[in-house]
Amino acid sequence: MSELKPAAPDFSRPLEMLRACHERIRSLCETLRWLVGHLQDHGCDEKGRQAAASVIRYFDTAAYHHHEDEEQDLLPRMMAAATIGRGSSLTRLVADIANEHRAMDRAWTELRAALQDVAAGENIPLDALEVDHFIKLYQSHLAVEEANVYPLAEMLLSRDDLAAIGANMAARRGVTFP
């Protein structure tokens with residue numbers, strides 16, 4: 001007997017969509033790690049160009065939207081729902097998340113330029129330290145969100161909050177959602 005896969009999250013379950021995005025980010029970070037070695041061993045071949053283009057596509061669009069989802073919808077709604085006692089620690093957490101997003105954006109801008117060259121067929125190595133720095137920023141950030149932000153969001157946010165977040169996430173991506 002075969003097991004049915006759970007349905008992929010959709011905009012009606014925005015926290016699950018954010019978590020699924022984290023899994024995709026992890027996967028693409030592994031692709032980046034692979035790409036460093038692949039370029040050293042094989043040069044800028046078709047597999048390397050495709051991998052670089054795939055990473056660029058994702059971090060230019062989906063990862064960018066993910067940060068917007070959190071900063072424009074999730075975190076502000078969490079702040080609005082927080083009690084006075086929880087508010088100060090949440091304020092610090094929200095500020096930390098925003099600062100981490102800016103650090104990841106800066107690291108992405110630096111890494112993206114090299115990936116564009118690879119995607120265009122230039123036979124250049126990726127800086128392993130730069131890739132490692134980018135991956136570590138994301139690993140640390142994802143861990144904080146999964147351990148702190150999302151569980152707290154589940155406690156604080158109402159169904160209406162989640163529905164509004166999901167609708168805004170869909171709109172941000174140009175998707176019609178009820």
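The model is predicted: local features need pLDDT of at least 70, side-chain atom pairs count only at pLDDT 80 or more, and totals for chains, interfaces and linings use all residues. Residues are numbered from 1 along each chain as its sequence is written, and side-chain values use heavy atoms, with hydrogens and water left out. Helices (H or I, at least four residues) are DSSP runs, numbered from the N terminus.

**Nonpolar cores**

- The largest nonpolar core has 29 residues, and Phe 59, Leu 115, Leu 126 and Tyr 138 touch the most other members.
- A nonpolar core is a set of buried Ala, Val, Leu, Ile, Met, Phe, Trp, Tyr and Cys residues joined through side-chain atoms within 4.5 Å.
- Buried means under 20% relative accessible area, exposed over 50%, and partly exposed in between (1.4 Å probe, protein chains only).
- Beyond its neighbours within four places in sequence, Leu 115 is in contact (heavy atoms within 4.5 Å) with Leu 32, Leu 35, Ala 52, Val 55, Ile 56, Trp 108 and Leu 126.

**H3 against H5**

- Helix H3 (residues 62-81) packs on H5 at an angle of about 40 degrees, with axes 11 Å apart.
- This angle makes H3 oblique to H5.
- Axes are lines fitted to C-alpha atoms, for helices over the stretch in contact, and angles run from 0 to 180 degrees between N-to-C directions.
- Angles under 35 degrees count as roughly parallel, over 145 as roughly antiparallel, 65 to 115 as roughly perpendicular and the rest as oblique.
- H3 crosses H5 in a left-handed sense; that is, the near helix is turned anticlockwise from the far one by less than a right angle, whereas clockwise is right-handed.
- On the H3 side, the contact includes His 66, Glu 70, Leu 74 and Met 78; on the H5 side, it includes Tyr 138, His 141, Val 149 and Leu 156.
- The residues of this contact are eleven nonpolar, three polar and two charged.
- Ala, Val, Leu, Ile, Met, Phe, Trp, Tyr, Cys and Pro count as nonpolar, Asp, Glu, Lys and Arg as charged, and the others, Gly among them, as polar.

**H3 against H6**

- H3 and helix H6 (residues 159-172) pack at about 155 degrees, their axes 10 Å apart.
- The two helices H3 and H6 are therefore roughly antiparallel.
- Their crossing is right-handed.
- Among the contact residues are Glu 68, Asp 69, Asp 73 and Arg 77 of H3, with Asp 161, Asn 168 and Arg 172 of H6.
- By class, the contact of H3 with H6 has four nonpolar, three polar and six charged residues.

**H2 against H3**

- The axes of H2 and H3 come within 3 Å and cross at roughly 20 degrees.
- H2 and H3 are therefore roughly parallel.
- Arg 57, Tyr 58, Phe 59 and Asp 60 of H2 meet Ala 62, Ala 63 and Tyr 64 of H3.

**Two buried residues**

- Glu 68 sits in helix H3 and counts as buried, at 17% relative accessibility.
- Leu 28 lies in H1 and is buried, at 2% relative accessibility.
- With neighbours within four places in sequence left aside, Leu 28 is in contact with Ser 54, Val 55, Tyr 58 and Phe 59.
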